[in-house]
Amino acid sequence: MIRDALDKLRGAVTIVYPMNLPPYDPVRLEFEGNEDLAGTQAGTLVLEEDSAQLWWAGKALARDKKLSDYLGRNEKTTIVAKLQRKGQGAPGREPVFSEEEQKKMMAYTYKKQEEFKTHRSLMARGWLPEHWLDGPSLPQEAAGRSMSAGDHRDMTVTKSIGYSW
């Protein structure tokens with residue numbers, strides 16, 4: 001499979017560079033099998049087959065087993081497996097939320113906190129009825145069924161039904 005990909009890449013490079021690549025080009029050196037990564041940053045990323053370990057879901061996968069032994073036979077299953085040097089332990093976990101999602105959640109939380117502070121200050125000034133921020137009256141108010149100031153005192157909470165009058 002890798003040889004097929006390299007052959008396709010070699011054909012594409014030949015089409016783009018018909019006069020061939022210069023002798024020092026890393027792509028040409030790779031095609032010829034002469035690439036030396038010693039002393040380069042890329043050389044630290046190369047793992048030899050016998051010193052590599054495949055990890056998935058915090059578990060080291062055995063070389064003699066197939067992935068289907070771990071995942072089942074569903075061909076639509078997508079996993080993220082990582083290669084690690086043997087003896088280094090499990091690789092770091094992926095973050096649950098991306099940075100963009102974290103920023104959005106933090107902005108939403110900050111906005112809601114500021115709204116709550118505003119409502120509390122309005123309530124303290126007497127511009128907003130006190131029951132408005134109380135638990136059961138808030139959904140009522142949002143649904144358009146406003147309550148008078150004393151109505152929330154007559155409410156009882158039942159276990160399975162919810163709120164009753």
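Two strands count as paired here if DSSP finds at least two bridges between them. Helices (H or I, at least four residues) and strands (E, at least two) are DSSP runs, numbered from the N terminus. With that in hand, S1 and S2 run antiparallel and are joined by two bridges.

A word on the ground rules. This is a predicted model, so to speak of local features takes a pLDDT of at least 70, side-chain atom pairs count only at pLDDT 80 or more, and totals for chains, interfaces and linings use all residues. Residues are numbered from 1 along each chain as its sequence is written, and side-chain values use heavy atoms, with hydrogens and water left out.

**The overall picture**

The protein has six helices and five strands, and reading along the sequence gives the pattern α-α-α-β-β-α-β-α-α-β-β. Of its 165 residues, 11% count as buried. Buried means under 20% relative accessible area, exposed means over 50%, and partly exposed is in between (1.4 Å probe, protein chains only). The accessible surface comes to about 14000 Å², with 56% of that belonging to carbon and sulfur atoms. Those areas come from the Shrake-Rupley method with a 1.4 Å probe, and for residues only the protein chains shown count as cover. As for contacts (heavy atoms within 4.5 Å), take those between residues at least 6 apart in sequence: 30% of them join residues at least 24 apart.

Strands of a sheet pair through backbone hydrogen bonds, either parallel or antiparallel. Here, an open sheet of three strands runs in the order S2-S1-S3, with antiparallel pairing. Strand S2 (59–60) and strand S3 (82–85) are the edge strands, each pairing on one side only. Between S1 and S3 there are four bridges, again antiparallel. On that side, Ala52 stands opposite Arg85 in S3, and Gln53 has Gln84 as its bridge partner.

Leu83 sits in strand S3 and counts as exposed, at 53% relative accessibility. Leaving out residues up to four places away in sequence, Leu83 touches Leu47, Ala52, Gln53 and Leu54. Leu83 and Ser51 are 32 residues apart in sequence, and their C-alpha atoms are 10.0 Å apart in space.

**Two positive phi angles**

The hairpin of S1 and S2 has two residues between the strands, and Ala57 takes a positive phi there, near 55 degrees. Ala57 does this although it is not a glycine. Asn20 is another non-glycine with a positive phi, about 80 degrees, and is found in the loop between helix H1 (2–16) and helix H2 (26–32). Here are the two side by side:

| Residue | Phi | Relative accessible area |
|---|---|---|
| Asn20 | about 80 degrees | 48%, partly exposed |
| Ala57 | about 55 degrees | 53%, exposed |

**Two pockets**

Now for the pockets. On a 1 Å grid over the protein atoms alone, a cavity is a set of points where a 1.4 Å probe fits but cannot get out, while a pocket is an open set with protein on both sides within 12 Å along at least five of seven lines; lining residues have an atom within 4 Å of a point. Grid points are joined across faces, edges and corners, and a volume is the space filled by probe spheres set on the points.

The largest pocket holds about 230 Å³ of space. Its lining is made up of Trp55, Trp56, Ala57, Gly58, Val80, Lys82, Ala90, Pro91, Gly92, Arg93 and Glu94. By class, that lining has six nonpolar, two polar and three charged residues. In this scheme Ala, Val, Leu, Ile, Met, Phe, Trp, Tyr, Cys and Pro count as nonpolar, Asp, Glu, Lys and Arg as charged, and the others, Gly among them, as polar.

The second largest pocket has a volume of about 200 Å³. It is lined by 14 residues, and the closest to its centre are Gln53, Leu54, Leu61, Arg63 and Leu83. Strand S1 (52–56) and helix H4 (67–71) each supply at least two residues of this lining, and the largest share, three residues, comes from S1. Sorted by class, the lining of the second largest pocket has eight nonpolar, one polar and five charged residues.
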